[in-house]
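Biologist: I'd like to learn how to read helix packing and pockets. Could you walk me through an example?

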Amino acid sequence: MINKIKIIKKRDNYSSELLYFLEKISDNSGFLFQDDKVVFIVKSSINDIANYSSSMLRLISNVKINAVEDNAEFVSGQYDCLYYTGSFDLDYFETFLELCRAYDQGKGTIYDFFFSISGLFKKDSQKNFDKLIGIFGELSLIKILYEKFKINISKNWHFKGDTTARYDFCFDDFNIEVKTTAKEQKIFKLKYDQFLSKRKTYFATCNVITDNSGESIYDLENYFLLNEHFNKNLDFIIKLKSELLSVQKEYAKEFHFNILDLKLYDRDNIEIFKEIPSSVSKIEFLYDFSTYVNSNLDEIARKIT
C-alpha cells in the first residue's frame with residue numbers, strides 16, 4: 001500500500017483535496033488516500049454525525065462521498081471515515097490496516113471500534129524481554145489448546161471483569177495465569193494477590209528456549225490472523241495488537257522460541273506463607289514448581305468444554 005501511495009503522490013495532477021482509491025475490503029468498505037492520510041471508509045448505518053480525534057486517528061461520520069479517483073465503480077453514498085494521521089513508517093500503520101480489515105469482518109459500530117483502538121496508538125514500545133516471552137507464553141497456550149483439543153480460548157484472554165482482571169485467562173468458574181521463563185529451572189515470579197481469589201485458579205508454567213528454528217510472536221500473530229476461528233473475533237485482534245505494540249518490533253523480531261515444557265498447576269495445591277501483615281501489600285515472590293505434581297491439559301480441556 002505504501003508503494004501505491006508513493007505512485008499517487010508522484011502524479012503531475014495529484015491533488016491533496018481529492019480522494020484516491022487504495023484497496024477494496026468489501027462492497028461497503030475500503031481504504032482511500034487523501035492529503036497524506038489513509039482513510040478507512042465504511043457505509044454509514046446510522047444517521048448520527050460525529051467528529052472524534054485521538055493520537056493518530058480521527059473519525060468523521062456520515063460523510064457524503066460522490067466519487068474517488070482510480071475507481072469508476074465506486075458507489076456514492078454516506079460513509080463513516082476513519083483517518084490514520086500518523087507516519088507510514090511506524091508499526092502503527094500496519095496495525096491500523098489490519099484492525100480495519102478485522103473490523104469489517106466482525107462489524108459493530110464504528111464508534112465502538114474507534115474508542116476501542118484509540119488507546120493502542122499511544123503505547124510506548126519497549127525492549128523488554130520479560131514482556132516479550134510473557135506474550136509468547138500466553139499466545140502459545142491459546143494455539144496449543146486449539147490445535148490439540150480444538151478449543152478456542154481467545155475470547156477468555158485478558159478479560160476485564162471486576163474480579164478477574166489480574167489473571168491472563170478467565171472462564172465461568174476458574175482462572176488461568178501463565179508464567180513464562182527462558183531459564184531451565186521451573187522458578188517463576190508469583191503475585192500474592194493471585195492467591196486471594198476464591199475462584200479456582202491454575203498456573204500454566206512455560207519454559208522456552210531461544211531457537212532460530214522456533215516461532216516469533218509475529219509468527220503466532222500470523223497464525224491467528226490467517227485462521228478464521230480467530231480473525232473474526234475483533235476483540236481478540238485488538239488485544240493481540242495491543243500486546244504486540246508494547247514491545248519494539250525490530251527488537252522482538254530477533255527472538256524465536258521453542259517451548260521446552262508447558263505444565264499446569266492447581267493453585268490449591270501450592271503452599272505459601274499463611275499470614276501477611278495488613279500493612280504489607282503488592283507482594284511478589286519467586287516460586288520453585290519443580291517439586292509439585294502438575295495437572296494435565298486434558299483436565300482444563302474438560303472443564304472448558
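Biologist: At what angle do helix 5 and helix 7 pack, and how far apart are their axes?

Modeller: Keep in mind that this is a predicted model. Two packed helices are described by the angle between their axes and the distance between the axes. Here, helix 5 (residues 217-225) and helix 7 (residues 234-245) pack at about 165 degrees, with axes 12 Å apart. Angles over 145 degrees count as roughly antiparallel, so helix 5 is roughly antiparallel to helix 7. The crossing of helix 5 past helix 7 is left-handed.

Biologist: Which residues make the contact?

Modeller: Helix 5 brings I217, Y218, E221, F224 and L225, and helix 7 brings F236, I237, L240, K241 and L244. Sorted by class, the contact has eight nonpolar residues, two charged and no polar ones.

Biologist: Now pockets. What is the volume of the largest pocket?

Modeller: Rolling a probe the size of a water molecule over the atoms shows where empty space is left. In this model, the largest pocket has a volume of about 950 Å³. Its lining has 30 residues, with D130, G134, V178, K179 and T180 nearest the centre. Helix 4 contributes the most to that lining, seven residues. By class, the lining has 14 charged, ten nonpolar and six polar residues.

Biologist: And which elements each supply at least two residues to the lining of the second largest pocket?

Modeller: Helix 2 (91-106), helix 5 and helix 7 do. The largest share, five residues, is from helix 2. That pocket has a volume of about 320 Å³, and among its 17 lining residues, D91, Y92, T95, L245 and K249 lie nearest the centre.

Definitions and conventions: Residues numbered from 1 in each chain as written. Predicted model: local features only at pLDDT ≥ 70, side-chain atom pairs only at ≥ 80, totals over all residues. Heavy atoms only, no water. Axes fitted to C-alpha atoms, helices over the stretch in contact; angles between N-to-C directions. Helix = DSSP H or I, 4+ residues; strand = E, 2+ residues; numbered from the N terminus. Parallel < 35°, antiparallel > 145°, perpendicular 65-115°, else oblique. Left-handed = near helix turned anticlockwise from the far one by under 90°. Contact = heavy atoms within 4.5 Å. Nonpolar A, V, L, I, M, F, W, Y, C, P; charged D, E, K, R; others polar. 1 Å grid on protein atoms, 1.4 Å probe; cavity = no way out; pocket = protein on both sides within 12 Å on 5 of 7 lines; lining within 4 Å. Points joined across faces, edges and corners; volume = space filled by probe spheres on them.
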